[in-house]
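Open the model in your viewer and keep the selection panel at hand. We will go stop by stop.

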Amino acid sequence: MRPCTVCGSKDTKKISVSDMHYGIDGEFSYVSCLTCKFIEIENVNKELLSNFYEQAAYYAYHSNVKNQTYGLILQLYKRLKLTLPRRIILFFLKFISSGRFWWIGAMETKNVKFLDVGCGSGRLVWITSEMEYNSCGIDISHEGVNIGKSHNLDILKGDFSSFNFGRRKFDVIHSNHSLEHMEDINSVMRSMKEISLKETIIYLRVPNSNSLTARKPRTWYYFGAPLHLNLLSPTSIKILAKNHNFEVLSIKQKWDTTELLSILTRKLSGRRTLIQSSKFLNNRFLLCLMAPLVLLLNQIVPGSNLEVVLRQKSS
């Protein structure tokens, strides 16, 4: 069995899992490192992935990019910015977005050069553009990119890990549950370094292979086989950062309401795919009901989301 891609350890084991989200047939083999807890798919089925990501039904490709709820939030932002300090407004947005914009409180200045990696159809590109950031996105899907461009958003089509950005550099690089879909994690880190300035801040949100629920891979909501090609832990993040000359500013292991609802769904109705239970998982009343439990769990045990902040080390 091959050594760990991140730490080089030969102390690894094989994990076999099936898809519990989209009903894709078959079993998929992963290599799990017992030293740093990095998990990586053994063989990438590029044809399967290419076909899947061109589906208009994939959740990241919203046709309603300019969502009504976020539109109302942005209208409120534009009204408040005339009377309140920007820091207070950003804190408010972070609060009402239920943690989705966990990173946004740090972005206090206007005209930030912002890149969203794995932007889908560009909802976050739109939101941050409306908040006076100089925003750009990149995604591998023709479908997602075309939807975003139809809304006049600056979205690039291509594989981030090999994309040629030319001379473009960014103040902030953001990626929400996208890195786990990329084949070569070391190439991803090299690409981030190439487009970073000395003060660039990188905000990453990825599944946490060190979480309590990750201990049972076959029922872990965020395993995401076969679409998730790699899964990171706090230890593997620190090793990657060191190997690529990044400084780790913070790592938090967070729960979220969606995973708790997925656990409840399986208990109440048996093994169901994400598509079959999507209405249940997106029920706003249930999401609000679960919020206090999420806050409690975050104080007790590591959750399934890693919220990571990196910065390039000064030479």
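Of the contacts in the protein with a separation of 6 or more, what percentage is accounted for by residues 24 or more positions apart? The figure is 69%. Keep in mind that this is a predicted model.

**Overview.** Show the whole protein as a cartoon. Its secondary structure comes to ten helices and eleven strands. Of its 315 residues, 50% are buried. The accessible area is about 15,800 Å², and carbon and sulfur atoms hold 52% of that.

**The largest nonpolar core.** Select Tyr 30, Trp 126, Phe 223 and Leu 227. Among the 43 residues of this core, these four touch the most other members. Elements giving two or more residues to the core include β1 (12–18), β2 (27–33), α2 (68–80) and β8 (196–207). Centre on Phe 223. Leaving aside residues up to four places away in sequence, Phe 223 touches Ile 15, Val 17, Tyr 30, Ile 39, Pro 217, His 228 and Leu 231. A second, separate core has 32 residues, including Cys 4, Val 6, Cys 33 and Val 117.

**The open sheet.** Colour β1, β2, β3 and β9. These four strands form an open sheet in the order β1-β2-β3-β9, with antiparallel pairing. β1 and β9 (230–231) are the edge strands, each pairing on one side only. Zoom in on β3 and β9, which pair over two bridges. Here Glu 40 has Asn 230 of β9 as its bridge partner.

**A loop stop.** Next, pick Asp 25, in the loop between β1 and β2. Asp 25 is exposed, at 70% relative accessible area. Draw a C-alpha to C-alpha distance to Pro 226: 9.8 Å, across 201 residues of sequence.

**Salt bridges.** There are seven in the structure.

- Arg 2 and Glu 40: their side chains meet at 3.6 Å, N to O. Arg 2 is in the segment before β1 and Glu 40 in strand β3, so the pair ties together parts 38 residues apart in sequence. Arg 2 is partly exposed at 35% relative accessibility, whereas Glu 40 is buried at 13%.
- Arg 205 and Glu 307: the N to O distance is 3.5 Å. The pair links strand β8 to strand β11 (residues 305–312), 102 residues apart. Both Arg 205 and Glu 307 are buried.
- Arg 311 and Glu 247: the closest N and O atoms are 3.2 Å apart. Strand β11 holds Arg 311 and strand β10 (residues 246–254) holds Glu 247, so parts 64 residues apart in sequence are tied together. Arg 311 is partly exposed at 27%, and Glu 247 is partly exposed at 30%.

Definitions and conventions: Residues are numbered from 1 along each chain as its sequence is written. This is a predicted model: local features need pLDDT of at least 70, side-chain atom pairs count only at pLDDT 80 or more; totals for chains, interfaces and linings use all residues. Side-chain values use heavy atoms; hydrogens and water are left out. A nonpolar core is a set of buried Ala, Val, Leu, Ile, Met, Phe, Trp, Tyr and Cys residues joined through side-chain atoms within 4.5 Å. Buried means under 20% relative accessible area, exposed over 50%, partly exposed in between (1.4 Å probe, protein chains only). Contact means heavy atoms within 4.5 Å. Accessible areas come from the Shrake-Rupley method with a 1.4 Å probe; for residues, only the protein chains shown count as cover. Two strands pair if DSSP finds at least two bridges between them. A salt bridge is a side-chain nitrogen of Lys or Arg within 4 Å of a carboxyl oxygen of Asp or Glu.
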